[in-house]
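Have the viewer open as you read.

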Amino acid sequence: MKALLCKQLGGPELLSLEEVAPLQPGPGQIVVSVKAAGVNFPDTLIIQGKYQMKPDLPFSPGGEVAGTVARVGEGVTQFEVGQRVVAPIGYGGFAQEAIADASRALPLPDGMSFEEASAFVLTYGTSYYALKNRAELKKGETLLILGAAGGVGLAAIQIAKAMGAVVIAAASSEEKRQLCLREGADHVVDYTQDDFRDQLKELTGGKGVDVIYDPVGGSASEPAFRSIAWKGRFLVVGFAAGDIPRIPLNLPLLKGASIVGVFWGAFGRTEPEADAQNMKELFELYAEGKVKPVICATYPLERAPEALEFVAGRQALGKVVITVD
């Protein structure tokens with residue numbers, strides 16, 4: 001089978017599509033015949049050795065896959081060969097086959113395509129965990145989303161609206177802001193402007209925002225935190241800007257606010273039952289038409305390095321998907 005291999009750490013241009021041996025599942029594992037794989041910002045980091053997870057070389061990037069079960073390992077009884085599944089796998093997805101832990105794989109809901117499924121699990125799993133479990137977002141509260149036109153940002157918009165929140169989407173271009181409005185945001189702001197905080201003050205009547213969802217980091221994080229409401233919650237989701245911000249600790253003290261880490265992967269591993277319940281609720285929201293992945297581009301497997309460049313350059317409006325023959 002073919003796999004896109006990272007044989008030395010660096011940029012996407014160093015990846016190579018090669019023929020490798022078919023995969024064999026271990027106990028508790030399944031082999032997925034990959035039909036689609038989501039492209040996420042951590043994929044651009046893992047090939048550079050800059051992500052929390054550092055697999056041994058060579059490996060294939062790609063943290064979420066959708067396809068059919070090709071083989072099952074010892075002890076696996078919940079899946080059968082040919083069944084449609086979606087699974088978060090960490091890495092290994094940019095290939096014709098991928099290994100998944102059966103305990104984390106999910107049957108694909110009726111009506112959900114492989115492409116949609118591969119764009120669903122990581123972004124919606126992360127955003128739902130962030131807003132439900134970490135922020136405990138309440139109906140009527142105001143949520144500010146930084147980098148709102150990306151995959152997790154758009155997922156957060158849709159989920160927050162389903163939860164009854166008022167959503168302020170922050171994005172850097174008019175095209176991105178218009179997309180956020182189409183996906184349900186109540187207000188949009190340009191966080192690259194000097195009057196960013198003034199915009200937030202006006203939209204919240206001077207109160208500030210109750211919850212901040214930050215997958216970007218960089219220079220926008222501190223001014224956003226300075227606009228947080230009393231007892232607000234600042235969700236640390238990621239650092240797409242490349243810079244890890246340093247928030248002065250007197251700010252959470254003065255605001256009575258919390259800085260809350262969001263690491264969905266660790267949540268899924270340490271609290272699998274709660275994670276499974278979250279995914280059940282997300283699939284219900286999908287069936288009700290309240291959430292739906294926004295896929296802006298698809299690439300065949302042989303062009304996966306281009307897809308990674310596209311995502312690394314923060315050009316994606318929504319999710320990018322790799323399709324596999």
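H4 gives the largest share of the lining of the largest cavity, four residues. Keep in mind that this is a predicted model. Helices H3 and H4 are the elements that give two or more residues to that lining. As for size, the largest cavity comes out at about 50 Å³, and the structure holds one cavity of 30 Å³ or more.

Now for how the two helices meet. H3 covers residues 121-134 and H4 covers residues 151-162; they pack at an angle of about 50 degrees, with axes 8 Å apart. That angle is why H3 counts as oblique to H4. The crossing of the pair is right-handed. On the H3 side, the contact uses Thr123, Tyr124, Ser127, Tyr128 and Leu131, while H4 brings Gly151, Val152, Ala155, Ala156, Gln158, Ile159 and Ala160.

Here's how the residues of each site split by class:

| Site | Nonpolar | Polar | Charged |
|---|---|---|---|
| Contact of H3 with H4 | eight residues | four residues | no residues |
| Lining of the largest cavity | six residues | four residues | two residues |

Conventions:
Residues are numbered from 1 along each chain as its sequence is written. This is a predicted model: local features need pLDDT of at least 70, side-chain atom pairs count only at pLDDT 80 or more; totals for chains, interfaces and linings use all residues. Side-chain values use heavy atoms; hydrogens and water are left out. Axes are lines fitted to C-alpha atoms, for helices over the stretch in contact, and angles run from 0 to 180 degrees between N-to-C directions. Angles under 35 degrees count as roughly parallel, over 145 as roughly antiparallel, 65 to 115 as roughly perpendicular and the rest as oblique. A crossing is left-handed if the near helix is turned anticlockwise from the far one by less than a right angle, and right-handed if clockwise. Contact means heavy atoms within 4.5 Å. Ala, Val, Leu, Ile, Met, Phe, Trp, Tyr, Cys and Pro count as nonpolar, Asp, Glu, Lys and Arg as charged, and the others, Gly among them, as polar. On a 1 Å grid over the protein atoms alone, a cavity is a set of points where a 1.4 Å probe fits but cannot get out, and a pocket is an open set with protein on both sides within 12 Å along at least five of seven lines; lining residues have an atom within 4 Å of a point. Grid points are joined across faces, edges and corners, and a volume is the space filled by probe spheres set on the points.
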